[in-house]
Amino acid sequence: MTSRQSVLYLFDVDGTLTKPRQIITDDLKSFLIEKVKPRVSIGLVSGSDYVKIVEQMGGEDATNQFDYVFCENGVMQYRQGELKSTQSILNYIGEETLQRVINFALGYMSKLQLPAKRGNFVEFRSSMINICPVGRSCSQAEREEFSRYDLEHNIRAKFVEALQNEFDTKLKFALGGQISVDVYPTGWDKTYCLQHIENENFSEIHFFGDKVMAGGNDHEIYNDPRTIGHVVTSPDDTKEQLKQCLNIK
């Protein structure tokens with residue numbers, strides 16, 4: 001018999017609880033709060049920053065219903081809307097390396113011919129750099145168009161390979177969400193969040209995510225021996241798997 005004190009369910013956001021960069025449905029949000037939370041502790045772990053997570057969860061009140069909110073892979077930790085801990089990629093790798101990565105990425109992306117290009121190709125976050133070939137200011141239709149094009153032509157996978165060949169092993173490059181590449185120090189993947197809960201004495205930590213393949217930003221935590229990994233294909237699939245795991249009728 002599981003309990004909130006002994007078992008934690010951690011959820012990726014994009015592709016797991018929401019469609020990429022969309023807002024969680026009222027149905028799934030109610031299901032998590034009313035059916036799942038009474039049975040187990042629940043948490044979010046995302047590569048996005050706090051503002052984006054709050055937006056996708058439908059507001060700060062809804063976000064605060066989760067026992068744990070790990071932003072930027074857990075390098076930024078929030079509880080009840082309060083920042084508990086953070087780290088800085090700038091302090092960790094230095095300005096020179098940071099600029100080398102940005103300059104290389106902009107040069108590489110400038111040579112790509114895509115169905116569309118817009119703006120905001122590099123987003124600097126506290127713990128990572130998010131690089132987006134189509135530009136984060138693209139419309140939802142342009143986002144989905146790029147995603148289809150990327151699936152066919154492996155734009156981001158080739159980009160990651162080029163970055164890995166250019167830079168040393170102190171940096172990690174992973175597919176982020178639907179349209180971008182995340183750059184962060186080695187070890188600052190989603191397993192980073194687990195250090196924040198190692199003294200909570202959970203007997204089981206379950207993780208639900210969609211990008212669990214090698215190169216995906218759920219890969220490391222999904223395969224970590226400290227977690228029980230569940231690969232999902234959509235928010236609807238997440239709900240169905242939760243029903244099975246927790247015997248919810």
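In the second largest pocket, the lining residues split into 4 nonpolar, 4 polar and 4 charged. Before I go on, please keep in mind that this is a predicted model.

Let's stay with that pocket for a moment. The second largest pocket has a volume of about 170 Å³. Its lining is made of L17, T18, K19, Q22, I23, T25, D27, L28, S234, P235, D236 and K239. Two helices, helix 1 (26-36) and helix 9 (235-246), each bring at least two of the lining residues, and helix 9 gives the largest share, with 3 residues.

Now, on to the largest pocket. What is its volume? About 450 Å³. There are 23 residues around the largest pocket, and P20, S147, L151, Q178 and K211 are the ones nearest its centre. The elements that contribute two or more residues here are helix 6 (140-153) and helix 7 (155-166). Helix 6 provides the largest share of this lining, 5 residues.

How many cavities of 30 Å³ or more does a search of the whole structure find? The search turns up 1. The largest cavity contains about 180 Å³ of space. Around it sit 20 lining residues, with D14, S48, G176, G177 and N217 nearest the cavity's centre. And the lining of this cavity? By class, 10 of its residues are charged, 9 are polar and 1 is nonpolar.

Thanks, everyone, and happy browsing!

Note on methods
Residues numbered from 1 in each chain as written. Predicted model: local features only at pLDDT ≥ 70, side-chain atom pairs only at ≥ 80, totals over all residues. Heavy atoms only, no water. 1 Å grid on protein atoms, 1.4 Å probe; cavity = no way out; pocket = protein on both sides within 12 Å on 5 of 7 lines; lining within 4 Å. Points joined across faces, edges and corners; volume = space filled by probe spheres on them. Nonpolar A, V, L, I, M, F, W, Y, C, P; charged D, E, K, R; others polar. Helix = DSSP H or I, 4+ residues; strand = E, 2+ residues; numbered from the N terminus.
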